[in-house]
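Open the structure in your viewer and keep the selection tool at hand. The tour goes from one selection to the next and says what is there.

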Amino acid sequence: MGIFILALVLGVSLAQHDPHMKHGRTSIVHLFEWRWADIADECERYLAPNGFAGVQISPPSESIVLQNPWRPWYERYQPISYNLCSRSGTEKELRDMVTRCNNVGVNIYVDAVINHMCGAGGGEGKHSSCGSYFNSHKKDFPAVPYSSWDFNDGKCKTNSGEIENYHDIFQVRDCRLVSLLDLNLQKDYVRDKVAEYMNTLIDMGVAGFRVDACKHMWPGDLQAVSSRLHNLNTSWFPSNSKPFIYQEVIDLGGEPITASDYTGIGRVTEFKYSSKLGTVIRKWNGEKMAYLRTWGEGWGFMTSGNALVFVDNHDNQRGHGAGGSSVITFWDPRIYKMATGFMLAHPYGVTRVMSSFRWNRHIVDGKDQNDWMGPPSYPDGSTKPVLINPDTTCGDNWVCEHRWRQIRNMVIFRNVVNNQPISHWWDNGSNQVAFGRGNRGFIVFNNDDRHLDMTLNTGLPGGTYCDIISGQKEGSRCSGKQVTVDSDGRAHFNISNMDEDPFIAIHVDSKL
C-alpha cells in the first residue's frame with residue numbers, strides 16, 4: 001500500500017512538471033503588469049502567430065493599493081483577498097483573456113501569491129484594488145476571510161517577527177518576509193482557502209502557476225495545497241491533466257534551503273542560470289563562452305526536467321531577489337539579445353522570456369532609487385494600454401523584449417529544433433562559440449574582441465539559409481544575411497565583433 005501511495009504522489013508531481021504546451025511550442029513570455037485586455041489581443045495578434053507557448057501573468061488577486069509615492073509594482077505581491085480584480089482588469093476581463101488565449105493555443109500561467117498577505121504596516125480601510133475592507137494591524141481580512149488565527153506569528157521565534165537569519169530554516173519559513181503577514185499553511189483552513197482560489201483559476205482555464213516565495217513555505221504544506229488542486233479544464237487540455245507548477249526558490253548555494261527540497265512538487269526557477277549566464281556574457285571574472293560547452297547540469301544546476309530558466313525576471317532586473325549586478329537586462333540590449341539567443345538555442349530547461357516596462361532609473365551609490373516604479377500609468381494610477389508602434393515594437397515605455405525581432409525569431413528557432421540534441425560544438429577557446437541542434441538548426445556567437453571568420457560544420461542539409469538575427473526569410477528572399485551550406489553541411493561565417501548583433505542563427509525553416 002505504501003509503495004502504491006508513493007507512486008501516486010510521484011505521478012502527480014511529475015505531471016505538475018509538464019507545462020502542457022501545444023505541439024510545436026516551447027517558450028513562455030512574462031507580460032509583466034500587462035492589462036488582461038492587452039494580453040488577450042497579444043495572444044491573437046502576435047503570440048500565437050509567432051509560436052509562443054504561454055504567458056505568465058501578474059498576480060490577479062485583489063491587492064493593496066499603495067501610494068509610495070505612486071502605485072509601485074510590488075503592490076501586486078501584497079494580497080488583500082482572492083477576489084479577481086486588479087490593476088490589470090476585472091474578473092470578466094480575466095476570464096475573457098484566458099478563453100481567447102486558450103482558443104489560439106497560448107496557455108496562461110498565473111503568478112500565485114499564497115505565502116502571505118499584505119505588509120503588517122498596510123493599515124486598514126478600503127485602499128485595495130477591489131475596495132474590500134481589511135485591517136493589517138489586526139490581521140483581519142474579511143473578504144477571504146482570514147483572521148489573526150490564520151498567521152504564523154505564534155510560531156516565529158525571532159524578537160522582530162521578521163526573518164533575521166537565512167541559515168535557520170524555521171525562521172525562513174515561519175517568520176515574516178520583509179514584514180509581509182505570513183500565512184499558516186499548516187492549517188487545513190488556510191490550505192483550503194488557497195486551493196479554492198487556485199481552483200477558481202484552473203476551472204477558468206489556466207494551465208498552471210508560478211508560485212511566489214516558495215522558499216518561505218514548507219514543502220509539505222505546498223504538497224498539501226497541490227494535492228487539493230483540480231485537473232485542468234478539458235475544454236482546452238487532455239483529461240486528467242494536472243496544473244503546471246513552477247516554484248520561485250532562490251538558491252544560489254550556501255543556504256540550508258535548496259531548490260531540490262521542492263522538485264518533488266513541480267519545476268523550480270533556476271536562479272543560478274540567470275546569474276552565471278550574465279557573468280559569462282559580460283566576460284567577468286575571466287569567464288568565457290567556451291566554458292558553456294558543459295552548460296546546464298555541468299554547472300551545478302538542477303536537472304533540466306526540473307528547471308524553469310530565464311535571463312532576467314521582474315525582481316532581479318531591478319536588483320532585487322538574486323543574481324546581483326551580473327544579471328543582464330533590456331538596459332544592455334546588445335548583450336541581452338545574445339544572452340536570450342543562447343538561452344533559446346540551448347535545450348536546458350523550460351524557457352521564459354521577459355517582457356518589461358521602462359522606468360526612470362536614478363542610480364545613487366550603485367542603488368536604483370526608482371526601482372519601485374509601477375507600470376506606465378495615467379494620473380489616476382490606472383495602467384495604460386500597451387502601445388504598438390507601426391514597426392511592431394512597443395511604445396509609451398513598454399519595452400516588449402518578446403517583440404524584438406532577434407528574440408521573437410529565436411523563440412521560433414527553439415520550436416524548430418525542439419527535442420534535438422546539441423551537436424557540432426565549436427569554440428575558439430575564448431568567446432567565439434557555435435553549436436547545432438541535431439540537423440535542424442545552428443547558431444554562431446562572436447562575443448570576442450576580434451573578428452570571427454570561420455568555416456564550420458553545421459550538420460544542416462545543403463542550401464541557402466536566411467539568418468534569423470539580422471533579418472528573416474520573407475517569401476523567396478532573405479531580409480538580412482544569407483548563409484550558404486554546402487552539400488557536406490559546412491558553411492562559412494563572417495561576424496564582426498563590432499556588429500550590432502554579433503551572432504547568426506539558421507534553421508531548416510529559414511532555408512530558401
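Is Lys283 buried, partly exposed or exposed? At 36% relative accessibility, Lys283 counts as partly exposed; buried means under 20% relative accessible area, exposed over 50%, and partly exposed in between, with a 1.4 Å probe and protein chains only.

Before the next stop, note that this is a predicted model, in which local features need pLDDT of at least 70 and side-chain atom pairs count only at pLDDT 80 or more, while totals for chains, interfaces and linings use all residues. Residues are numbered from 1 along each chain as its sequence is written, and side-chain values use heavy atoms, with hydrogens and water left out.

**Two lysines with positive phi**

Stay on Lys283, in the loop between helix 7 (271-282) and strand 11 (307-309). Helices (H or I, at least four residues) and strands (E, at least two) are DSSP runs, numbered from the N terminus. Lys283 is not a glycine, yet its phi is positive, about 65°.

Now select Lys139, in the loop between strand 6 and helix 4. Lys139 also has a positive phi, about 55°, without being a glycine. With 16% relative accessibility, Lys139 counts as buried.

**A cis peptide bond**

In the loop between strand 6 (134-135) and helix 4 (169-174), pick Pro145. The peptide bond that joins Val144 to Pro145 is cis, with omega about 0°.

**Ser81**

Select Ser81, in the loop between strand 2 (54-57) and helix 3 (91-103). Its relative accessibility is 0%, so Ser81 counts as buried. Show its neighbours: leaving out residues up to four places away in sequence, Ser81 touches Ser61, Glu62, Met117, Ala143 and Val144. Contact here means heavy atoms within 4.5 Å.

Which side chain makes a polar contact with the side chain of Ser81? That of Glu62 does, at 2.5 Å. A polar contact is a pair of N or O atoms within 3.5 Å; within protein, one must be able to donate a hydrogen and the other to accept it, and residues adjacent in sequence count only if both atoms are side-chain atoms. A polar atom of the Ser81 side chain also lies 3.0 Å from the backbone nitrogen of Asn83.

**Ser304**

Go to Ser304, in the loop between helix 7 and strand 11. Not counting residues up to four places away in sequence, Ser304 touches Arg267, Glu297, Pro347, Tyr348 and Gly349.

Select residues 333-345, which form helix 8. At 1.5 Å a residue its 13 residues should span 18 Å, and the end C-alpha atoms are 18 Å apart, which agrees; the expected span is 1.5 Å times one less than the number of residues. Helix 8 is mostly covered, with eleven of its 13 residues buried. Among them are Tyr336, Lys337, Phe342 and Leu344.

Then select residues 405-416, helix 9. Its twelve residues should span 16 Å, and its end C-alpha atoms are 16 Å apart, which agrees. Ten of the twelve residues are buried, so helix 9 is largely enclosed by the rest of the structure. The buried residues include Arg408, Met410, Phe413 and Arg414.
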